[in-house]
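Visitor: Could you show me how to read cores and pockets in a protein model?
Guide: Gladly; let us look together.

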Amino acid sequence: MNPIERWVPYLCLAARLSTGVKPCFQEFGMVRAVGLVVVPTTRGAVDRPENSRQVARILSPAILATLLLRLILSLALASLFSDISGYRWMNRLFALACYAMLLLPGFLQVGYYYFFSSQVRRSIVYGDQPRNRLDLFLPTNNAEQVPVVVFVTGGAWIIGYKAWGSLLGRQLAERNIIVACIDYRNFPQGTISDMVNDVSEGISFVCNNIADYGGDPKRIYLMGQSAGAHISSCAVLEQTIKESRGESTSWSVSQLKAYFGLSGGYNLFNLVDHFHNRGLYRSIFLSIMEGEESFEQFSPEVRIKDPCIRDAVSFLPPIILFHGTSDYSIPSDASKTFVDALRAVGAKAELILYEGKTHTDLFLQDPLRGGKDDLFDHIVSVIHADDKEALANDAMAPPRKRLVPEILLRMAGHISPF
C-alpha cells in the first residue's frame, strides 16, 4: 500500500472530528472506537445516553488533540501564506507551536466543553455555501428569552473558524447570554465579498430563528474580532446602505442593539503596507481583498465618508470599538481613526483602549486568566444595561475560573507571534 494511502482514513477521520463529534456520529453511526479506528454500527445508536458517555470517554483525548492540531495547522497555514522565507517561516512556526502548547491546559478544557457540553449546538446550517455553519452556546437556564451575541471570529481572513469563539461563548453563556459563532469561507476558498456575504447570511439566520433557541430577537448584538471585526463591519455597513435605498433585505440593522469591534482594522489603504511588513505580503492581501480597486468598498472607514451614502448613517447601531495599545498585529490607531470618521458623519461611536494589551491579550490570555476582565465586564454591562435583575446577578457572580497558570500565560505572551 502506498504510504500516503495508509494515512487517508486517519486524516479523513481527523477532518470529520474537527468539525464536531455529533455530525460525525450521525453520518457514520459510530458506537465504539479503538484508537482512531472507528467501528460502524446501527445509525443513531450513539443517541442513547449510555453509549454517548462511553464514546465520549474513548474519543475525548483524540478529539481534543485533533482540535489542538487543527489550531496549530491553521496557524501554520497562515504563516505559510504570509511569510515564505525559510528562516522566518520556521521561526514563526516554532513560536506558534510553543504558544499553543503553553496555553494547552486552557485549550483542553474549552475543547472538552465545546464537544461534549449539552449547551453547545454545533454546526447549524445557515446557508447553502461551504462552511455556512454556526455554533450556538446556550445558557443552562433560559426559561425566558435572553440576549444574543452574534460573534465573528478572526484569523487573518485565512484561518477563521467558528470554534475559536468557544471560550467567549462559554463565558457569556454563564451570564445568561446566547452566543452564535458564525463560520465563513476563508481564503483561498473565498475572497472578501464571499466572507461578507456569508456573515450577512449568518446574521440573517440568527435574527430570524434565534427565538426558537430561547434568544430574544429584539436584543441581538454583533461582535467581531480582528479580521472578523473587519468582515462584520463591512456586512453591517452594506446592510445599512441597502436599507437606506429601500432595497428588500432578509434582516434589518435595526435588530442590532449595538456593534462591538475588537482589535479590528477598518481601512485597507492604511493596513496593506503594515501587513506586508509583518509578513502578509501585498500580493496575498490583494488576492484576499479582490484587488486594490476594491479597497474603498471594503474599507468602512473610507466608505462612510462618501456623501452618496450619507443617509445610511442614521441606520447604524451604536458602535463600540475595543483595542489594546500594544497591539502590533493591527495597531490601535485603526480603531481610533474609524471612530473619528464615524463621529464626523454623526454616527454614535465609542473607543475603549486597554493600555499595554496585545492582539491576543484581550481575546485569549485575559479570559484564560480568569477573575476580573475589564473587556468582558464592559460587554456584559452594555448587554444587561436595561435589565436590573441581570445586572444584580452579574454583581453577585463568582469570579471566573482560571484555566491556565499565570506563569504559562506570561511565557505565552512573551513568545506570541501575533
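Predicted model: local features only at pLDDT ≥ 70, side-chain atom pairs only at ≥ 80, totals over all residues.

Visitor: How many of the 418 residues are buried, as a percentage?
Guide: Buried means under 20% relative accessible area with a 1.4 Å probe, protein chains only. Here 55% of the residues qualify.

Visitor: Which residues touch the most other members of the largest nonpolar core?
Guide: In soluble globular proteins, nonpolar side chains tend to be buried together. A nonpolar core joins buried Ala, Val, Leu, Ile, Met, Phe, Trp, Tyr and Cys residues through side-chain atoms within 4.5 Å. In the 68-residue core, the answer is Trp157 and Phe285. A second, separate core has 32 residues, including Tyr113 and Leu362.

Visitor: Which residues lie nearest the centre of the second largest pocket?
Guide: Rolling a probe the size of a water molecule over the atoms shows where empty space is left. On a 1 Å grid over the protein atoms alone, a pocket is an open set of points where a 1.4 Å probe fits, with protein on both sides within 12 Å along at least five of seven lines; lining residues have an atom within 4 Å of a point. Here Asn176, Asp387, Glu389, Ala390 and Asn393 lie nearest the centre, among 18 lining residues.

Methods. Residues numbered from 1 in each chain as written. Heavy atoms only, no water. Buried < 20%, exposed > 50% of the residue type's maximum accessible area, 1.4 Å probe, protein only.
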